[in-house]
Amino acid sequence: MSDVKKLYVKTYGCQMNVYDSERMVEALGGNGYTVTQTPDDADMILLNTCHIREKAAEKIYSELGRYKGLKAEKPDLKIGVAGCVAQAEGAEIVRRQPMVDLVVGPQSYHKLPAMEQAVKDGVRALDTDFPEEDKFDHLQARPKAKRGPTAFLTVQEGCDKFCAFCVVPYTRGAEVSRPADRVVAEARELVDRGVREITLLGQNVNAYHGHADGLAGLIWALSEITDLARIRFTTSHPNDMDDALIDAHATCPKLMPYLHLPVQSGSDRILKAMNRKHTRDDYFRIIDRLKSARSDILLSGDFIVGFPGETDQDFEDTLDLVRRVGYGQCYSFKYSARPGTPAAERATVPADVADERLQRLQALLSEQQKAAQVAMVGKTTSVLLEKPGRLEGQMVGKSEHLQAVHVTTSDHQIGDIVPVTITEAATNSLAAVPVKS
Ligand code: SAH
Ligand code: SF4
Ligand code: F3S
């Protein structure tokens, strides 16, 4: 009998969790686990959780509820909770959810193999420390197997900004950057395994200081890896958009013309109440500089509506900002009061008012997204092919502007970067044919 055990991982929240889940799978690989796509045949279920809004956190408890029956049938099944809910509510989970065997916060994933061992010996394990050592230095070497052409690579974690609504500074801790030489070494390994595009991740990725010349310095260092074709980064904060980074958008051919730069609100009053430490004019100035550096840059952002104290005029200011910037793609959320954050103490905007504002904002944002998609028709761009399409003779990949593109082709492979002409646009994807050579 083999002692291969199966691990089912469910990932919620941001891309940093996607990266972390991959690393946790690798770490537990050393303990004999291979991945399964269904919870039913798992020996361990690991939920990598998000605490950003109330709904995100609630999902975890309903998901745990679904595993009660499974655990009753299979007493040896181990259940673990990782990520930001683990960090924020770990002790409470251990107290109130007897079915959970293991709780591990985002900074302690390198301890997972030892924790799994303890669980096997019948001990429930909880670790939500912010240890001195860097988890990345203690995670085991990444395996060498081939993998898909795109990868996330976390280079920065944590946040010192303390926006009044946000749990991230509490769940991920203070800003920490990984040294550039380690990031470059990990990028080289990924490229050796077939990766052509790397997205550098951080809660405030442009506050990266693991290279003497900041994030721009890291991007230039990575651009020297011959077979790495594309570099992206996310998420950035307006106050950390320095000249070198804006300049890289003009001069570094491997840096893709797309930027996610959340502003949250278009009202100076609300930006102040949110503790964003920038004004709407500061934001416009950055956008102008970016557009001068790279006129075709596609902008993306995050907005919160119904922040405590938001008036109709504040909301109109947000709509006005959106119209002036012109986004290619955006995320917008109704404000959710999070325990322990300063804004949670303030009087809220009535739910129906916030709902209506969200609908109006989303209608405007999807109009802009549609316009950006339609504007691509007839243009030539390049697409990195990621997988076969649903139809015969079709492959799917991403444009330089991060749009999903269905390419009609029978002559290309996953990982190819294909010059194409865009032939059709829908809200969420484009159709294209290869440029005839
Ligand atoms: N570090 C990033 C993103 C953090 S979380 C940044 O600074 O932009 C991703 C998005 O979730 C935020 O940009 C914000 O729009 C949203 N968000 C965070 N806290 C929220 C809350 N309490 N209620 C609603 N949306 C929230
Ligand atoms: Fe949260 Fe603000 Fe930090 Fe972004 S910058 S993670 S929104 S506190
Ligand atoms: Fe969620 Fe934590 Fe990311 S709260 S958005 S998983 S940093």
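Student: Which residues lie nearest the centre of the second largest pocket?

Tutor: In this predicted model, D296, I297, L298, A372 and H401 lie nearest the centre of that pocket, which is lined by 16 residues. Its volume is about 260 Å³.

Student: What makes up the lining of the second largest pocket, by residue class?

Tutor: Eight of the lining residues are nonpolar, five are polar and three are charged.

Student: Why is S177 called buried?

Tutor: Buried means under 20% relative accessible area. S177 has a relative accessibility of 15%, and therefore counts as buried. This residue is found in strand β9, which covers residues 176–177.

Student: How do you know that the side chain of S177 makes a polar contact with H209?

Tutor: The cut-off for such a pair of N or O atoms is 3.5 Å. The side chain of S177 reaches the backbone nitrogen of H209 at 2.9 Å, within that limit. Leaving aside neighbours within four places in sequence, S177 is in contact with V155, Q156, A207, Y208, H209 and G210.

Student: Which residues have the most contacts inside the largest nonpolar core?

Tutor: They are L200, L218 and Y327, in a core of 56 residues. Helix α8 (residues 180–192) gives the most to this core, with six residues. Apart from it lies another core of 21 residues, including I60, L64, A86 and M99.

Student: What is L200 in contact with, leaving aside its neighbours within four places in sequence?

Tutor: Among its partners are L153, V155, L215, L218, I231 and F233. R232 and T234 are also in contact with L200.

Terms used: Residues numbered from 1 in each chain as written. Chains lettered and ligands numbered in written order. Predicted model: local features only at pLDDT ≥ 70, side-chain atom pairs only at ≥ 80, totals over all residues. Heavy atoms only, no water. 1 Å grid on protein atoms, 1.4 Å probe; cavity = no way out; pocket = protein on both sides within 12 Å on 5 of 7 lines; lining within 4 Å. Points joined across faces, edges and corners; volume = space filled by probe spheres on them. Nonpolar A, V, L, I, M, F, W, Y, C, P; charged D, E, K, R; others polar. Core = buried A, V, L, I, M, F, W, Y, C linked by side-chain atoms within 4.5 Å. Buried < 20%, exposed > 50% of the residue type's maximum accessible area, 1.4 Å probe, protein only. Helix = DSSP H or I, 4+ residues; strand = E, 2+ residues; numbered from the N terminus. Contact = heavy atoms within 4.5 Å. Polar contact = N/O pair within 3.5 Å; in protein donor to acceptor, adjacent residues only side chain to side chain.
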